[in-house]
Amino acid sequence: MDSIWTRTVQPPSFPPLEGSRKTDVLVIGGGITGILCAWLLRQAGADCLLVEAEQLFGGVTGGTTGKITSQHGLVYHRLIREFGVDGARLYWRAQEDALGRYRSLCRKIDCDFETKDNYVYSLDDPGELEREMEALGQIGAPARYVRDPALPFPTAGAVCFPGQGQFHPLKLLSALVRDLPVHERTRALEWMPGRVRTERGTITAEKIIAATHFPFLTGHGAYFLKLYQHRSCVAALENAPDMGGMYVDAAQTGLSFRNCNGLLLLGGGGHRTGKKGGGWPALEKAARKYYPQAKIAFQWAAQDCMSLDGAAYIGPYGRRTPGLYTASGFNKWGMTGAMTAATLLTDLVLERENPYAALFRPDRTVLRPQLAVNMLESTVNLLTPTVPRCPHMGCALKCNRQEHSWDCPCHGSRFTEAGAVLDGPANGDKKMQ
């Protein structure tokens, strides 16, 4: 299903790469992270090339809600626990820097950018709001507590970040990508130090950035243990009110709200990819309950990579992958995450200092409670004696009847009923049995 973004923008098209090429920096992945990386590298005067396995914006970037905010749920009290006050403050500053960069870009490019306040609400736990406000006070973030947010149901209150942003992501990316060296329908099949093999040749590069949403090399970095994917839905409602801001539930399974060109984008139905959850029925039920006069004009779904500790993995891919870098695990906040990643990876590739490199380094400790959950899911599904199975690591696929797909509960790969790959980390189609 197409999103409101993909329905309203026709991205430029680029030919596939024929034969072999040489470049200083190769960027793999034509979503927001890859495009921002390539654009920043070109701005710095670097020789680079971007390749995309299918078409630009065809993955998770096309399914975003387009919110640009430093407030990533009620995360800062957790980040203080995981990284200390200084680490949490550094995380907030990284997101603020990303927001500022978008503001500057959007002044030059018409992409429907609007300044909006962002609210994270809790349905029934004022204590978690109080803990978050205390954490935000420790790091110096200018948040405020709102007792009665303008929502169509009662809450325990909300934490507000003023002066955040929303935009049309594909309008911005379409403008940035036009002058970049890009090849679509060019799938990276194999990485070797200093080169990548595609279907039609080999690309030689001193530095390589894997901006593929979920890192695609299984044997390095242990990302199959450090990440899982969470799927959620969006419905664009006609004849629904203007909320005046952006809202999201503190719970992963809750509802989110933002307006766009006369439509209300209602998000929800979240669940781990490949597992049972609310999905479309939960979102449609909420739309009928809270906005009975509204009509669903568009609907779509997307999924996000979730890390072990609440911070993204940005930096060197693994200990035995010289010259290879990656960015993943944005925990549902891919807009600021992508800009942070692109800025950091550009600095790393160009051997420049970056204040956020240590915070986001992918080789930090994996000893977090979520690791046990990920290991259990992988073990259970690897031992499940059913077909079809995922070509990524052999987990049993689950039938997603709502979206007519086969989904992997281990790592989030998805396939059509005929076996064509929809989402990675699987790097190719699956023969259905």
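Visitor: Which residues in H2 meet which residues in H5?

Guide: In this predicted model, Ile32, Ile35, Leu36 and Trp39 of H2 meet Leu173, Leu176 and Val177 of H5. The residues of this contact divide into seven nonpolar, no polar and no charged. The axes of H2 (residues 32–43) and H5 (residues 169–177) come within 10 Å and cross at roughly 35 degrees, and the crossing is left-handed.

Visitor: Why does threonine 343 count as buried?

Guide: Buried means under 20% relative accessible area, and threonine 343 has a relative accessibility of 14%, so it counts as buried. Threonine 343 lies in helix H8 (residues 334–349) and, leaving aside neighbours within four places in sequence, is in contact with Leu40, Arg101 and Asn354.

Visitor: How does the reach of H4 compare with the span expected at 1.5 Å a residue?

Guide: Helix H4 (residues 126–139) has 14 residues and reaches 20 Å from its first C-alpha to its last, which is close to the expected 20 Å.

Visitor: What is found at the start of H4, and what follows the helix?

Guide: At the start, a side-chain oxygen of aspartate 125 reaches to within 3.1 Å of the backbone nitrogen of glycine 127, whereas the residue that follows H4 is glycine 140, with a positive phi near 85 degrees.

Visitor: Which residues of H4 are buried, and what do they pack against?

Guide: Gly127, Glu128, Leu129, Glu132, Ala135, Leu136 and Ile139 are buried in H4, and the buried residues of H4 pack against helix H3 (76–108) and the strands E4 (114–121), E5 (144–146) and E6 (158–166).

Key: Residues numbered from 1 in each chain as written. Predicted model: local features only at pLDDT ≥ 70, side-chain atom pairs only at ≥ 80, totals over all residues. Heavy atoms only, no water. Axes fitted to C-alpha atoms, helices over the stretch in contact; angles between N-to-C directions. Helix = DSSP H or I, 4+ residues; strand = E, 2+ residues; numbered from the N terminus. Left-handed = near helix turned anticlockwise from the far one by under 90°. Contact = heavy atoms within 4.5 Å. Nonpolar A, V, L, I, M, F, W, Y, C, P; charged D, E, K, R; others polar. Expected span 1.5 Å × (residues − 1). Buried < 20%, exposed > 50% of the residue type's maximum accessible area, 1.4 Å probe, protein only. Polar contact = N/O pair within 3.5 Å; in protein donor to acceptor, adjacent residues only side chain to side chain.
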